Amino acid sequence: MDLTQVPPEITCDGSDLDWSQAAAIEGTQPQEENLQGWIAFYGLRVNQEPGNILHWQGQPLRASRIRFFVKNVAWRYGFSFSTSIRSPLGKGIPTPSEWRYPGLCRYGLVLFQPNARLVARQVWESSPEQPQEVDLDPNLDIAFNVNDAKGSYGDNSGSFDIYIYVQVVN
């Protein structure tokens with residue numbers, strides 16, 4: 001994969017999305033002993049365009065700085081087993097303007113904060129030894145999704161898991 005054409009972050013339009021339709025995913029303590037202090041979010045959905053809003057202790061998770069990585073990426077687009085995605089980078093090629101997160105990886109995982117103007121970040125890390133680290137708006141929820149063509153999420157199936165370490169709450 002040549003990722004030199006994929007930016008780490010983009011700003012795009014989210015005004016057409018109904019955030020009340022996003023899946024609320026409640027965090028839990030990780031099952032892995034070496035991840036004490038992390039929050040695990042299991043089974044994030046891939047078939048809803050508004051994505052997955054992360055919740056912790058019954059409230060939307062908000063923070064100004066997090067570290068995170070992904071595990072168990074296992075989903076497909078369309079109805080064929082040949083469209084299987086196993087990497088957070090999806091196909092590893094940038095998408096055109098009609099995709100939900102233009103310029104980020106085709107069928108890749110994306111971190112964003114629900115808003116009319118979306119700042120979306122490409123997810124690439126799948127190791128707790130080298131997690132991604134980002135600064136966020138502490139006034140907005142934290143969400144993840146896959147990058148698919150607008151209006152094309154309904155034929156997706158499968159899921160992925162996210163692990164987050166909150167460094168700064170506000």
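**Aromatic pairs and their setting**

Mentor: Start with contacts, meaning heavy atoms within 4.5 Å. Among contacts in the protein chain between residues at least 6 apart in sequence, 72% join residues at least 24 apart. Keep in mind that this is a predicted model, where local features need pLDDT of at least 70, side-chain atom pairs count only at pLDDT 80 or more, and totals for chains, interfaces and linings use all residues. Residues are numbered from 1 along each chain as its sequence is written, and side-chain values use heavy atoms, with hydrogens and water left out.

The protein chain has twelve strands and zero helices. Both are DSSP runs, numbered from the N terminus: helices are H or I with at least four residues, strands are E with at least two. Along the sequence the pattern reads β-β-β-β-β-β-β-β-β-β-β-β. The radius of gyration of the protein chain is 15 Å, close to the 15 Å that the globule rule gives for 170 residues, so the chain is as compact as a globular protein of that length. That radius is taken over C-alpha atoms, and the rule is 2.2 Å times the number of residues to the power 0.38. Along the principal axes, the C-alpha atoms fill a box of roughly 35 × 30 × 30 Å.

Next, burial. A residue is buried under 20% relative accessible area, exposed over 50%, and partly exposed in between (1.4 Å probe, protein chains only). Of the 170 residues of the protein chain, 51% count as buried. The accessible surface comes to about 7900 Å², and 47% of that belongs to carbon and sulfur atoms. These areas come from the Shrake-Rupley method with a 1.4 Å probe, and for residues only the protein chains shown count as cover.

On to the rings. A pair of aromatic rings is described by the distance of the centres and the angle of the planes. Rings of Phe, Tyr and Trp (its six-membered ring) pair if their centres lie within 6.5 Å; planes under 30 degrees apart count as stacked, over 60 as edge-to-face, and the rest as tilted. By this rule there are eleven aromatic pairs. Take Trp19 and Phe112. Their ring centres are 5.9 Å apart and their planes stand at 35°, so the pair is tilted. The two residues sit in distant parts of the chain, 93 residues apart. Trp19 is in the loop between strand S1 (9-13) and strand S2 (23-26), while Phe112 belongs to strand S8 (residues 109-112). Trp19 counts as partly exposed because its relative accessibility is 22%. Phe112 has a relative accessible area of 0%, so Phe112 is buried.

Now turn to Trp38 and Tyr165. They form a tilted aromatic pair, 5.6 Å centre to centre with 55° between the planes. Trp38 lies in the loop between S2 and strand S3 (39-45), and Tyr165 lies in strand S12 (residues 157-168), so the pair ties together parts that are 127 residues apart in sequence. Trp38 has 8% relative accessibility, so Trp38 counts as buried. Tyr165 counts as partly exposed, at 29%. Both rings belong to one aromatic cluster of Trp38, Tyr42, Phe69, Tyr163 and Tyr165. Tyr165 also has a charge over its face: Arg67, at 4.6 Å from the ring centre. The test is that NZ of Lys or CZ of Arg is within 6 Å of the ring centre and within 35 degrees of the ring normal.

One more aromatic residue deserves a look, this time for its backbone. Most residues other than glycine have a negative phi, and most peptide bonds are trans. Tyr107 has a positive phi, near 65°. Tyr107 is placed in the loop between strand S7 (84-85) and S8. At 10% relative accessibility, Tyr107 counts as buried. Gln57 also has a positive phi, of about 55°, although Gln57 is not a glycine. Gln57 lies in the loop between strand S4 (52-56) and strand S5 (59-60). Its relative accessible area is 62%, so Gln57 is exposed.

Finish with Pro8, in the segment before S1. Pro8 is exposed, at 54%. Not counting residues up to four places away in sequence, Pro8 touches Ala120, Arg121, Gln122 and Trp124. Pro8 and Ala120 are 112 residues apart in sequence, and their C-alpha atoms are 8.5 Å apart in space.
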